[in-house]
Amino acid sequence: MPNEPFYITTPIYYVNDVPHLGTAYCTIAADVQARYQRMRGRRVLFLTGTDENAGKVSGAAADQGKGCQEWCDELAQRFMDVWRDCHVSYDDFIRTTQERHTRVVAKFVERLYASGDIYLGSYSGWYCPFDETFFPESELNEGKCPNAECRREVQWVEEPAYFFRLSAYADRLLEYIEQHPEFLQPESRKNEVVSFIKSGLQDTCITRRLEWGIPLPASIPQSEGLVVYVWFDALINYLSAVGFESERAEERTKFDSFWPADVHLVGKDIYVRFHCTLWPAMLMAAGVSVPKRIFGHGFWNIESEKMSKSRGNMIHPVVLADELAAAAGCSRDTAVDAIRYHLLREVTFGLDGDFQRAALEHRFNSDLANDLGNLLNRTLTMVNRYCGGKAPAGEPGKLLALTQEKLPVLSQSLDRLDYSRALTDLWELVSAANRYIEEQKPWELKKAGDQQAVDATMRETLCAVRAITLALTPFMPTATQLLWTQLGLAGTPAEAGWDSITDWAALPVGKPVGKPEPVFPRLDSKRRTPAPPPESEPRVSASDPESEPRASASDPESEPRASASVPPPKERPTVPEITYDEFKQVELRTGVVKTAEKIEGADKLLRLIVDLGTEERQIVAGIAQQFAPQTLIGRQLVVVANLAPAKIRGVESRGMILAAGDEVPLALISPSADVPPGSTVR
Ligand code: MSP
């Protein structure tokens with residue numbers, strides 16, 4: 001098993017948009033798996049990338065007045081930047097405009113043409129330009145795109161085209177699915193695939209007459225003017241990245257060790273039709289083995305609504321992290337890790353979820369600041385106070401036994417991508433460690449002069465915190481590094497490896513521990529959105545501050561907790577009352593952001609062009625540090641339309657946008673549903 005290759009992929013994302021919570025979710029989930037497998041000693045290849053040959057990509061470039069390639073270069077960099085900020089440890093980033101990919105696509109197409117799996121025909125049918133997919137009339141939903149996430153108008157398209165003989169693979173696909181129970185996951189989605197295939201597969205049109213895309217190889221007759229259908233090209237990325245059919249020997253070795261992929265992780269929208277039907281059939285036709293596992297995850301709604309640009313409720317992970325960091329007073333890195341934890345803990349991986357800021361904040365305080373933060377804090381405080389600040393000696397106790405019992409279950413959950421289950425199990429260990437301190441009462445043992453018992457208790461607790469830190473590392477790679485360093489441990493938890501979780505001897509006796517510093521400062525209640533309704537409140541665990549026994553001044557429970565670092569609430573300045581007539585003089589209208597850019601030499605300012613229905617306005621907004629310009633385009637906002645024009649840093653501003661936040665703009669105010677630009681806000 002050690003050193004065995006492990007190949008995991010995310011979808012490659014269209015560069016018509018910047019990363020958002022949905023794309024980040026899939027990428028983070030893949031990252032957790034990649035980090036976990038690396039800790040287990042596997043030789044991991046974690047692939048992500050961008051899908052650049054799509055019509056919607058060239059459309060987005062044209063909208064921005066940019067050349068396609070220039071646009072793709074910019075956006076691919078944006079993806080890489082966001083993934084870096086989200087602690088995504090990909091090994092390779094593939095772009096479908098790269099030569100290493102276009103070359104493989106040409107070879108793949110030629111191979112299928114030679115085998116007779118691709119043939120010339122002519123196509124007429126209903127085409128959804130957004131999904132880049134043809135749909136039979138019977139599948140349309142009231143004449144519109146049947147994809148529940150899309151539902152846009154479809155177009156009637158007629159053209160000579162090449163087809164892939166998908167219909168010939170239905171039986172082989174069904175047989176393969178039946179014989180390989182691990183192939184399609186989660187189990188609940190497998191049936192959907194089976195019924196889709198059983199309902200009858202039609203041959204797939206795999207060319208388009210477009211300017212932008214990978215040209216059909218010239219060796220194929222009548223290829224002029226045709227490009228490969230973007231989905232047919234995109235799926236092949238999983239092969240191009242590992243050197244399929246490469247002339248270079250080292251690339252061929254790479255292919256032999258990493259193919260078939262261990263897991264393709266994709267969203268439910270691209271699971272059935274593309275990844276579980278078209279892709280395996282393409283591979284079967286090419287005589288290449290199919291991936292070992294394809295996992296379809298669910299979708300996130302935002303506060304019970306579909307996430308969409310027009311609703312103005314898109315969540316961008318780094319912006320969200322900055323908002324959380326500002327509210328908690330922690331670093332962006334810690335906030336990113338808290339978001340990673342929340343996304344994977346909140347919802348069973350595979351099911352849909354509803355993202356609520358209040359739930360994120362609640363979890364931050366309850367799981368991270370209270371349960372985990374306090375555990376570390378108390379442990380280090382007591383080791384400093386009772387054991388001379390050095391890891392004491394002692395026989396392993398019941399927390400090791402519990403860790404030994406939990407580890408196989410935890411590993412199994414992670415192997416199955418059952419992240420919420422893994423984290424729930426891990427939290428039992430966190431609670432058990434907190435309970436252990438309360439039961440052992442090291443402060444009383446100290447008073448009684450039983451140093452040996454104090455040492456044994458503190459060693460057991462330190463080792464448990466070390467174990468928890470290791471097990472959490474795939475989820476929260478930077479926050480766990482902070483915990484690790486505070487524990488006085490050298491190197492990184494990732495280097496220590498997964499098996500080290502139960503290795504109590506790995507904590508050297510006499511090693512100095514650090515001073516406790518709150519890694520997750522409690523969120524200031526004034527800035528928080530209200531906590532979730534009572535039914536979702538977690539049970540009061542023994543480590544909740546309210547349930548603790550009152551501590552005497554010399555007891556360590558009264559030591560500074562993470563919450564102690566939160567500054568006292570500030571007074572709200574009093575604002576004079578105004579009459580209704582005075583308020584009525586403010587003209588509030590909705591507007592849609594057309595362009596947004598930074599103003600040179602002004603860190604906080606953005607220059608926006610906002611469509612107010614009847615006119616476009618230039619507005620200067622002090623939101624540059626919280627909102628990246630690209631994330632604002634297309635967003636609906638509320639504008640004070642009759643504000644007297646003013647020059648800000650030499651740039652004229654005609655109006656003001658509304659945002660919420662006490663010291664900095666944390667959230668922009670948008671209508672809750674689509675309304676025409678310029679609508680009155682009252
Ligand atoms: N380019 C194709 C994939 C080709 S793979 C060979 C594509 N790209 S995409 O940019 O649209 O990104 C799709 C991914 O984002 C999907 O896996 C999809 O599930 C995910 N998500 C988009 N919105 C989402 C949510 N609201 N929630 C969770 N994931 C979502 O499709």
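Modeller: Accessible areas come from the Shrake-Rupley method with a 1.4 Å probe. In this predicted model, the accessible surface of the protein comes to about 29000 Å², and 51% of that area belongs to carbon and sulfur atoms.

Colleague: What radius of gyration does the protein have, and what would a compact globule have?

Modeller: A compact globule with 682 residues would have a radius of gyration near 26 Å, and the protein, with 28 Å, agrees with that. Along its principal axes, the C-alpha trace spans about 90 × 75 × 45 Å. Within the protein there are 20 helices and 24 strands, and, of the contacts with a separation of 6 or more, 75% are between residues 24 or more positions apart.

Colleague: Which residues have a pLDDT under 50?

Modeller: pLDDT is the predictor's confidence in each residue, from 0 to 100. The mean for the protein is 89, with 92% of the residues at 70 or more, but over residues 529-573 the pLDDT stays under 50, and there the model has 74 contacts beyond four places in sequence.

Colleague: How many salt bridges does the structure hold, and which parts does the pair Asp322 and Arg332 tie together?

Modeller: For a salt bridge one looks for a side-chain nitrogen of Lys or Arg within 4 Å of a carboxyl oxygen of Asp or Glu, and the structure holds 38 of them. The side chains of Asp322 and Arg332 meet in one, at 2.8 Å from N to O. Asp322 lies in helix α11 (residues 317-328) and Arg332 in helix α12 (residues 332-346), so this pair ties together parts that are 10 residues apart in sequence. Asp322 and Arg332 are also linked with Asp81, Arg84 and Asp85 in a network of salt bridges.

Colleague: Where do Arg607 and Glu597 lie?

Modeller: Arg607 forms a salt bridge with Glu597, with the closest N and O atoms 3.0 Å apart. Since Arg607 lies in strand β17 (residues 602-611) and Glu597 in strand β16 (residues 588-599), the pair ties together parts that are 10 residues apart in sequence. Arg607 is partly exposed at 22% relative accessibility, and Glu597 is partly exposed at 39%.

Colleague: Which residue forms a salt bridge with Glu74?

Modeller: The partner of Glu74 is Lys66, and their closest N and O atoms are 3.0 Å apart. Glu74 has a relative accessible area of 34%, which means that Glu74 is partly exposed, while Lys66, at 29%, also counts as partly exposed.

Notes: Residues numbered from 1 in each chain as written. Predicted model: local features only at pLDDT ≥ 70, side-chain atom pairs only at ≥ 80, totals over all residues. Heavy atoms only, no water. Contact = heavy atoms within 4.5 Å. Buried < 20%, exposed > 50% of the residue type's maximum accessible area, 1.4 Å probe, protein only. Helix = DSSP H or I, 4+ residues; strand = E, 2+ residues; numbered from the N terminus. Rg over C-alpha atoms; globule rule 2.2 N^0.38 Å.
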